[in-house]
Amino acid sequence: MAIPARPALPALDVSPALRTLILGLGGLVGSIALLLLIGLVLTQTEETFTWSGYWQQVVSGLAQGAIFASLALALVLIYRATDILNFAQGEMATFTTYVAWSLMNHMSYWPAFALALVFAFIFGAAIERTIIRPVEHRPEIVVVIVTIGLLIALNGLVAWIWNPEVKAFDSPFPNRTTEIGGVVVAIQDLGVLAVTLVTVVVLWAFFRFTTLGLVMRAVANSQDASRLLGVRVGWMLALGWGLAAVLGAIAGMMAAPSVFLDPNMMLIILIYSFAAAVLGGIDSPVGAIVGGLVLGVLINLLGTYVDFIGGELRLPAALVVLLIVLLIRPQGLFGHKVVRRV
Amino acid sequence: MKKLLLALLGVGAALTVSLPGAFARTEATQAPDAVPGITRNSIVIGGTFPLSGIASLYAPIPRGMEAYFNYINARRDKKTGQRGIYGRKIVWKFYDDGYNPGQTVQLTNKLILDDKVFATVGALGTEPVLAVRPLHQRAKVPQVLVSTGASYWGLEYKKYPWTSGWQTDYVAEGRVYARWILQNAPTSKIGVFYQNDDYGKDYLRGLEQGLGARKSLIVLKLSYELSDSSYASQLSRLRQSGADTLVLFTTPTPTARAIGTAKAVGWNPKQIVINSVSATDQVMAGAARAAGQDYVNGAVSTGYLKNNTNPKYRNDGAIKAYRRIMANYGPDGININNTFYYYGVAKAYDFVKLMYLAGRNPTRASLMAATAKMNWVNPYALKGVRIKTSRTDRFPIDQGKVIRYNNGSWNEISALYKGR
Amino acid sequence: MNVVRRNLGRAIGPALFVAAVVLVILMPRFMSEFRLLQFTLVAIYVIALLGLNILTGYSGQISLGHGALVGIGAYTGALLSLGRPGLEALQLSPPSWLPLGDGMTPIWTIPIAALVTGLFGILIGIPALRLGGISLALATLAIAVSFPIVMKRFAETTGGGGGINLNLPETPFGWDISTRNWLFYEAWVTAAIVFLAAWLLTRGRIGRAWRAIRDGDVAATSSGVNPALYKTFAFGVSAAFAGAAGALLAIETAYVNPDTFPVSISILLLASAVIGGLGSLAGAVFGALLYVFLPIYAQKPPVFSFEFADQAPGVVFGVFLIVIMLLLPGGVAHFFRALGGAIRTGRFRRRSRTSELA
């Protein structure tokens with residue numbers, strides 16, 4: 001049985017909430033310092049470097065990264081609860097986003113958004129109960145194929161029900177820009193970041209402060225122990241998949257305004273999100289978020305400032321960076337080392 | 001045991017789907033001097049198209065062609081009184097290659113060896129067509145009216161005599177944009193956003209060729225990959241370069257994205273130029289919804305077919321015929337405003353004319369000979385455009401007009417130009 | 001009675017094998033040209049899937065990048081068979097440090113491509129040791145995603161998006177045999193050689209070591225098996241097989257292009273391997289049959305309306321994957337083996353609990 005080892009950070013002698021706050025702030029300051037450092041390096045190496053251009057790349061990278069982070073969070077949630085990597089997460093999100101689009105043809109944005117989230121929850125839970133449940137305890141490879149089958153089926157289903165013509169998806173944020181300290185920032189980007197932040201906070205609060213959240217954490221920790229304590233493990237797993245589907249739906253609906261609705265829109269985002277989740281540590285929600293943001297910014301900076309890479313090799317280059325990080329730290333930035341005992 | 005039986009059923013089903021024809025006997029061979037695909041009352045033709053996957057938005061094309069062929073099979077020719085072409089019904093077989101050239105090879109082999117088609121018509125995609133071009137030469141099977149604007153088909157006819165193209169080619173189109181800019185906005189600062197493959201690069205080459213000495217009007221050109229999830233990075237750099245003209249050499253979905261993203265990064269170019277393949281109503285409607293109608297109004301492109309949704313053409317004979325054909329002979333429940341159905345019908349019209357030109361007893365050789373003798377008016381094309389080829393000119397369509405978008409329609413704003 | 005049944009059961013496997021061999025040898029006599037072409041592809045994918053089977057089925061390492069390895073083999077084969085002069089004739093300018101040679105008969109590209117790809121496999125296998133299951137899946141996925149992109153980037157060597165057209169090979173030694181038949185036999189003989197190699201490997205100590213590693217790294221080490229060595233070797237072998245398949249593919253289709261090997265190919269190969277049956281060499285045959293025949297025959301003739309005909313095959317295929325995994329997680333090969341075992345022992349019921357404990 002795999003037992004996660006103690007986290008690597010030393011125990012600070014303060015309350016957990018305060019510790020989280022300190023670490024969070026530290027991380028934020030550290031990131032800004034790192035970005036400044038990179039910018040300084042680039043002023044020397046790049047002729048056409050401008051600070052406003054640089055920050056613009058960073059901000060749009062963060063917005064992109066927020067979408068990766070949301071989907072990555074969904075992947076992590078499912079992995080922690082059921083030890084399964086859900087390859088169909090992106091297509092589930094696509095399906096829900098199309099449902100939202102259909103709803104938005106009949107009602108205004110936010111009610112449709114909320115209804116879509118409800119649909120996503122039920123959809124995710126239903127998939128877990130009907131399709132995943134029978135294969136949960138089978139070898140890993142079998143489950144992988146099942147989720148791949150789900151991916152292919154949903155992809156075809158979306159194109160079948162709502163034909164593949166490109167469609168516009170409304171955004172609740174105006175398609176304008178604003179200037180912050182000389183940097184032109186898209187309001188859409190700020191909106192996406194805000195929504196992601198709210199989502200993460202709500203999720204955190206749910207897990208931290210509600211009984212249901214506590215029970216789900218227990219199930220993620222050990223299904224057998226929870227069962228012994230009288231928890232209906234099956235329903236908790238379905239709940240986990242439902243929540244993950246909601247996260248995916250948010251990612252999809254945040255991405256759709258700029259990416260446009262297309263049956264394959266989440267396929268490439270899934271790859272990025274997968275990479276972000278593994279980079280951050282497949283069992284760490286914080287890692288998923290950090291991984292997503294880092295990946296988003298990395299891709300933009302690599303593509304813009306490294307000529308050899310240019311636009312073409314952005315994705316492979318980012319993946320190479322990722323793999324190097326994983327080789328140094330196989331459990332990901334925030335993941336836990338898995339100690340296997342026989 | 002029950003599980004075993006269920007599994008047996010499942011496996012049986014799978015094998016039934018997988019191997020239905022695996023051990024089928026070969027079909028009865030025709031008389032030795034018969035032309036493959038031609039019988040007394042049928043012509044069998046085929047094509048490969050991306051019906052699923054990333055390029056599935058082009059799927060309406062073979063359906064449009066199918067509708068037109070159904071119409072030809074049902075109507076009586078005014079001169080001969082026969083249905084079909086000289087009494088032969090067209091049998092149209094098309095398969096989904098998912099835009100994977102490896103699949104195109106297998107499916108084209110199926111068409112030629114198994115379905116024994118007379119010719120392949122309108123196959124879509126530069127890479128898929130390139131993949132099977134040598135195959136067609138080896139098998140001496142015509143590969144006609146392919147659905148791609150690469151210049152290979154019009155230029156390399158000596159080396160590949162069994163292949164011919166149809167639509168205006170991208171390089172020539174790029175030159176038209178250059179000419180238009182030089183004539184109407186010679187002080188423009190051009191920013192080019194192009195797809196990083198032969199499609200985008202052909203357009204770019206045409207633009208640069210057309211600008212000639214004034215190539216420096218292009219202040220920045222940036223590319224994107226189909227695997228990019230966001231163009232914000234490139235478009236904000238284009239904005240910063242000071243460009244005031246955005247030229248988009250992008251396929252349809254990326255075009256809508258690019259316009260939406262350009263607005264999102266705060267750029268308001270004076271002029272937007274969109275390549276003809278992406279100048280469809282779907283794309284413009286999507287872009288308008290994301291960036292606002294004012295943002296997209298005034299965009300310029302080129303076209304050689306009538307804009308089938310323009311109210312100006314509501315009572316045009318060809319548009320009315322198109323609507324009738326799609327309603328009576330096309331699939332149910334589709335959106336006939338989709339330009340790709342119209343494209344398919346226009347192409348099918350030219351194929352039928354080509355078959356007539358190949359003679360009462362067509363052979364593969366006579367069909368290819370006909371591709372060098374095309375000379376007629378296609379009613380679905382813009383007025384004045386002539387479908388014309390000769391021994392030395394193998395671009396059937398090389399004329400068009402510059403068009404401008406306004407509130408849902410593309411309107412012609414120039415005289416007829418000749419691209420080649 | 002039982003003796004007869006038991007012997008019958010034992011004889012089924014080899015008998016089927018002999019029958020299959022006879023069938024393959026005689027195929028060109030009664031099959032149409034197109035069907036022959038399809039079965040040539042089956043041979044090629046048997047080779048590829050044997051590799052994947054060894055990697056994922058026997059040594060337990062999940063790879064989402066097998067398609068890229070086949071692609072590497074295909075490009076290696078194409079570049080070698082054209083040689084520098086051939087590439088320059090196509091207006092390509094490969095860098096001078098590449099040992100391309102002057103072109104060679106296609107058949108020799110197969111072992112060389114296998115070797116080159118095998119080396120790639122080992123290069124991947126070494127860092128793969130450090131990565132766990134999920135990270136390895138990501139790493140192989142990264143390779144699969146990057147392959148077409150990198151091939152397009154180095155277009156001066158690879159022909160970029162336009163790809164490289166090859167010539168169909170001439171039949172050797174002036175034998176009086178059609179090119180199509182020659183390709184058929186070339187593919188199946190190679191498949192037979194690879195099958196034999198795989199059989200020998202999995203039969204012996206190496207196979208047992210792989211199985212031990214698959215069932216538990218730690219336990220395997222305590223039994224004296226060095227996981228690192230065998231895992232890397234598995235990667236190398238699987239890549240070598242993929243490379244051979246790729247080279248054959250290049251010869252057979254006479255065209256290589258980056259978009260022939262997108263991510264979806266790697267995923268489909270994995271799915272075919274699993275459905276065919278991991279942990280069993282016969283599974284590669286079933287998987288290859290599925291891979292070659294299902295996509296073409298799943299496309300219904302366009303008699304139905306637009307929506308149904310176009311998207312249905314995708315949905316049906318996805319549902320099919322799910323259903324098969326629910327019913328037959330061991331794959332088709334496992335099912336037949338179970339059937340054979342049931343015939344042999346005469347036991348069609350599930351064993352009672354007590355007999356399991358005994």
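**The interface of chain A and chain B**

Analyst: In this predicted model, 34 residues of chain A are in contact with 34 residues of chain B. The two chains bury about 2,800 Å² between them, and carbon and sulfur atoms give 45% of that area. Within the part that chain A buries against chain B, Glu165(A), Asn175(A) and Phe260(A) supply 21%, more than any other three residues.

Arg289(B) forms a salt bridge with Asp170(A), with 2.8 Å between the closest N and O atoms. Twelve residue pairs are found in polar contact across the interface of chain A and chain B, both residues of each pair being at pLDDT 80 or more. On the side of chain A that touches chain B, at least two residues each come from helix 2 (51–82), strand 3 (183–186), helix 9 (233–259), helix 10 (265–280), helix 11 (285–305) and helix 12 (314–328) of chain A. Helix 2 of chain A gives the most to this side, with seven residues. By residue class, the side of chain A that touches chain B divides into twelve nonpolar, 15 polar and seven charged residues.

Helix 10 of chain A, which is among the elements supplying that side, also holds Ser273(A). Ser273(A) is itself buried, with a relative accessible area of 0%. Leaving out residues up to four places away in sequence, Ser273(A) touches Phe68(A), Leu71(A), Ala72(A) and Leu75(A), and the side chain of Ser273(A) reaches the backbone oxygen of Phe68(A) at 3.4 Å. The C-alpha atoms of Ser273(A) and Ala66(A) are separated by 9.9 Å, although the two residues are 207 residues apart along the chain.

After helix 10 of chain B comes Gly292(B), whose phi is positive, near 100°.

Val402(B) is buried, at a relative accessible area of 5%. Beyond its neighbours within four places in sequence, Val402(B) is in contact with several residues, among them Val176(B), Trp180(B), Val300(B), Ile413(B) and Tyr417(B). From Val402(B) to Val300(B) the C-alpha distance is 7.1 Å, while the two are 102 residues apart in sequence.

Salt bridges inside the chains can be set beside the one described above. Over all chains the count comes to 21 salt bridges. In chain A, the side chains of Asp224(A) and Arg227(A) meet in a salt bridge, 3.5 Å from N to O. Because they are three residues apart in helix 8 (residues 223–228) of chain A, Asp224(A) and Arg227(A) are separated by about one helical turn. Asp224(A) is exposed, with a relative accessible area of 51%, and Arg227(A) counts as partly exposed at 45%.

In chain B, Glu156(B) and Arg133(B) form a salt bridge whose closest N and O atoms are 2.9 Å apart. Glu156(B) lies in the loop between helix 5 and helix 6 (170–184) of chain B and Arg133(B) in helix 4 (residues 126–139) of chain B, so the pair ties together parts that are 23 residues apart in sequence. Glu156(B) counts as partly exposed at 26% relative accessibility, whereas Arg133(B) counts as buried at 5%. Asp316(B) and Lys306(B) also meet through their side chains in a salt bridge, 3.2 Å from N to O. Asp316(B) is buried, with a relative accessible area of 19%, and Lys306(B) likewise counts as buried, at 10% relative accessibility.

A word on confidence is needed for chain B. Its mean pLDDT is 89, and 92% of the residues of chain B reach 70 or more. Over residues 17–30 of chain B, however, pLDDT stays under 50, and the model has 26 contacts beyond four places in sequence for this stretch. Where pLDDT is low, the predicted coordinates should not be read in detail.

Notes. Residues numbered from 1 in each chain as written. Chains lettered and ligands numbered in written order. Heavy atoms only, no water. Contact = heavy atoms within 4.5 Å. Buried area = accessible area lost by both parts, 1.4 Å probe. Salt bridge = Lys/Arg side-chain N within 4 Å of Asp/Glu carboxyl O. Polar contact = N/O pair within 3.5 Å; in protein donor to acceptor, adjacent residues only side chain to side chain. Helix = DSSP H or I, 4+ residues; strand = E, 2+ residues; numbered from the N terminus. Nonpolar A, V, L, I, M, F, W, Y, C, P; charged D, E, K, R; others polar. pLDDT = per-residue confidence, 0-100. Buried < 20%, exposed > 50% of the residue type's maximum accessible area, 1.4 Å probe, protein only.
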